[in-house]
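The sequence and structure are shown first.

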Amino acid sequence: MRRTLSAVLLLLALAGAGCAQNRIVYAQSGVQVQPPQYPSYQGSYTNGAIPSAWLPLYQRLRADGLDGPDLPALFASMGMPSQDPMGRKIKELYTKAFAPKPKPTPPSSKPTTPARPKPLVYPGVITAENVEKCRAFLEANKPAFDYAERTFGVPRQISVSLLFVETRLGTFLGKEKAFYTLASMASSRRPEAISTYVAQLPGSTAADRQNW
């Protein structure tokens with residue numbers, strides 16, 4: 001549970017969810033409270049216990065007050081940061097920004113049928129079967145959703161929807177641990193951190209694109 005909380009806290013730090021003010025805002029009630037205070041890590045984290053590649057991120061989290069008791073152990077258990085999470089996102093955004101745009105198709109003289117509007121949801125996600133799965137999951141984990149909604153003000157319907165889309169209600173957790181993926185992304189603050197991906201991007205050495 002504590003390791004899961006550490007991963008969630010890291011996600012909140014990256015999203016800027018009130019960490020700069022060191023507070024949590026309850027979405028429904030508007031009540032502001034101080035976050036839980038964890039004992040600061042008193043050991044030496046410069047003696048190799050935490051790999052040097054993670055130290056800047058760990059120190060940033062400490063400065064934001066996110067220094068749970070399991071945080072040093074989590075960082076110490078990981079190898080080097082992965083370039084993949086941020087590299088894939090930058091590659092996709094870069095391609096969208098700089099790839100040649102397709103030539104417009106000349107208008108056809110033949111009458112065309114009106115295009116159907118695009119669906120607002122992913123096909124196959126909102127189905128009667130999946131709705132029932134979410135309802136059953138809410139019922140089976142009612143105390144946890146009661147606590148989460150009371151503490152953070154997020155309606156349980158939203159929480160369970162996110163859990164379904166991201167993890168299929170815990171049945172698919174991905175190939176990498178969430179903490180490692182998020183920490184790797186948070187450590188990738190300059191192009192050098194994802195050099196393998198940057199080298200594959202055409203024209204990436206141009207000054208304007210480096211600035212982008």
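## Pocket lining

In this predicted model, the helices α4 (84–98) and α8 (178–187) each supply at least two residues of the lining of the second largest pocket. The contribution of α4 is the greatest, at five residues. The volume of the second largest pocket is about 310 Å³.

The residues that line the second largest pocket are Ser82, Asp84, Pro85, Arg88, Lys89, Glu92, Lys175, Glu176, Tyr180, Thr181 and Met185. Sorted by class, this lining comprises six charged, three nonpolar and two polar residues.

Although Arg168 is not a glycine, its phi is positive, at about 50 degrees. Leu169 is also placed in the loop between α7 and α8. Leu169, likewise not a glycine, has a positive phi of about 60 degrees.

Arg168 has a relative accessible area of 37%. Because this value falls between the limits of 20% and 50%, Arg168 is classed as partly exposed.

For Leu169, the relative accessibility is 14%. Leu169 therefore counts as buried, since the class covers values under 20%.

Conventions: Residues are numbered from 1 along each chain as its sequence is written. This is a predicted model: local features need pLDDT of at least 70, side-chain atom pairs count only at pLDDT 80 or more; totals for chains, interfaces and linings use all residues. Side-chain values use heavy atoms; hydrogens and water are left out. On a 1 Å grid over the protein atoms alone, a cavity is a set of points where a 1.4 Å probe fits but cannot get out, and a pocket is an open set with protein on both sides within 12 Å along at least five of seven lines; lining residues have an atom within 4 Å of a point. Grid points are joined across faces, edges and corners, and a volume is the space filled by probe spheres set on the points. Helices (H or I, at least four residues) and strands (E, at least two) are DSSP runs, numbered from the N terminus. Ala, Val, Leu, Ile, Met, Phe, Trp, Tyr, Cys and Pro count as nonpolar, Asp, Glu, Lys and Arg as charged, and the others, Gly among them, as polar. Buried means under 20% relative accessible area, exposed over 50%, partly exposed in between (1.4 Å probe, protein chains only).
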